[in-house]
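Look over the structure first, then read on.

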Amino acid sequence: MATQLTSAGIQGHDVVSPNEWIASRKELLRKEKEFTKLRDELSRQRRELPWEKVEKRYVFDGPNGKETLADLFDGKSQLIVYHFMFGPGWDEGVPAARL
Amino acid sequence: MTDHFDGSLVHLANRDVTLVVVSRALRTQIEAFKKRMGWHFKWVSSFGNGFNRDYHVSFTKEEVAKGKVPYNYDTVGFGTEEGPGASVFYKNAGGEVFHTYSTYARGLDILVGAYNFLDLAPKGRDEDGLPFTMAWIRHHDRYTDGKLADKDRPYWPAVAASAS
């Protein structure tokens, strides 16, 4: 496992006085706040995407037996499905994908 | 990624959200793997129902062989017949279901709990020297036994590896 760990960003790193450190940190904070607001705006636009009606009747097999997509909501109005990479015949699910 | 799911379930449920995991593997495969991992979240099989195909996370052998699978709103090469994704749905009072959002590839970064911590650390994700970004990730019970396949294809199931 050690071969996977590098010293990226560690060797020869700047070490500065507390005053210089706080100045650098505040500059990054300005950018972080900018990013946070951009992310909020992106999430708002995500929520504004139009929807498409699901016309197909999907039936899933799970701990409760056969359930439709509508059943999977389990009394809530919002459903998030995570598609886990695990195919028929595989020994186990795959934790990471080469993309 | 899914190691972080169980702790989120109760919080999501109190915000009107149900989180479910779906795979094309059979229910018996899913139950065995879920038990090994010690996970509790709901995980159902979409085997035979076309769901994964319709939401562009399952591909045919032919598509994989040609290096042209429909993924992330594009046509790309992909190593296996199953890909990762997240899809979001809304159900109205009348019981109608709507697809509101799907995301793939790095759009899923936000769901990788460990990334959110690593992004705060001096070395960050520390993936520059790896054959692909998530190559370091193992199942949580496999970090200590050094069980790696070759460095370019660590920890892929035999079926997936032979299909690529």
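## Salt bridges

A salt bridge is a side-chain nitrogen of Lys or Arg within 4 Å of a carboxyl oxygen of Asp or Glu. Side chains of opposite charge can pair when their charged atoms come close. This model is predicted. Over all chains, the structure holds 17 salt bridges.

One of them joins A:Arg44 and A:Glu48, with N to O at 2.6 Å. Both residues sit in helix H1 (residues 18-48) of chain A. They are 4 residues apart, so about one helical turn separates them. A:Arg44 is partly exposed, at 32% relative accessibility. A:Glu48 is exposed, with a relative accessible area of 54%. In chain B, a network of salt bridges links B:Arg106, B:Asp109, B:Asp119 and B:Arg125.

## The interface

How much area do chain A and chain B bury between them? The figure is about 6600 Å², with 61% of it on carbon and sulfur atoms. Chain A brings 52 residues to the contact, and chain B brings 79 residues.

Polar contacts also cross the interface: 34 residue pairs, both at pLDDT 80 or more. On the chain A side, several elements supply at least two residues each: strands S1 (52-53), S2 (59-62), S3 (65-68) and S4 (78-83), and helix H2 (69-72). S4(A) gives the largest share, 6 residues. By type, the chain A side that touches chain B divides into 30 nonpolar, 12 polar and 10 charged residues.

## Charged pairs between the chains

Chain A and chain B share 5 salt bridges. Among them is the pair of A:Glu67 and B:Lys42, whose closest N and O atoms are 2.7 Å apart. A:Glu67 lies in strand S3 of chain A, and B:Lys42 in the loop between helix H2 (27-37) and strand S2 (43-45) of chain B, so the pair joins two chains. Are these two residues buried or exposed? Both A:Glu67 and B:Lys42 are buried.

A salt bridge also forms between B:Arg36 and A:Glu92, at 2.5 Å from N to O. It runs from helix H2 of chain B to the segment after S4 of chain A. B:Arg36 is partly exposed, at 30% relative accessibility. A:Glu92 is buried, with a relative accessible area of 11%.

## Strands across the chains

S1(A) pairs with strand S6 (residues 97-104) of chain B. The two run antiparallel, joined by 2 bridges. Within S6(B), B:Phe98 is the bridge partner of A:Lys53. The side chain of A:Lys53 also meets that of B:Glu96 in a salt bridge, with N to O at 2.8 Å.

Technical notes
Residues are numbered from 1 along each chain as its sequence is written. Chains are lettered from A and ligands numbered from 1 in the order in which they are written. This is a predicted model: local features need pLDDT of at least 70, side-chain atom pairs count only at pLDDT 80 or more; totals for chains, interfaces and linings use all residues. Side-chain values use heavy atoms; hydrogens and water are left out. Contact means heavy atoms within 4.5 Å. Buried area is the accessible area (1.4 Å probe) that two parts lose on being put together, summed over both. A polar contact is a pair of N or O atoms within 3.5 Å; within protein, one must be able to donate a hydrogen and the other to accept it, and residues adjacent in sequence count only if both atoms are side-chain atoms. Ala, Val, Leu, Ile, Met, Phe, Trp, Tyr, Cys and Pro count as nonpolar, Asp, Glu, Lys and Arg as charged, and the others, Gly among them, as polar. Two strands pair if DSSP finds at least two bridges between them. Buried means under 20% relative accessible area, exposed over 50%, partly exposed in between (1.4 Å probe, protein chains only).
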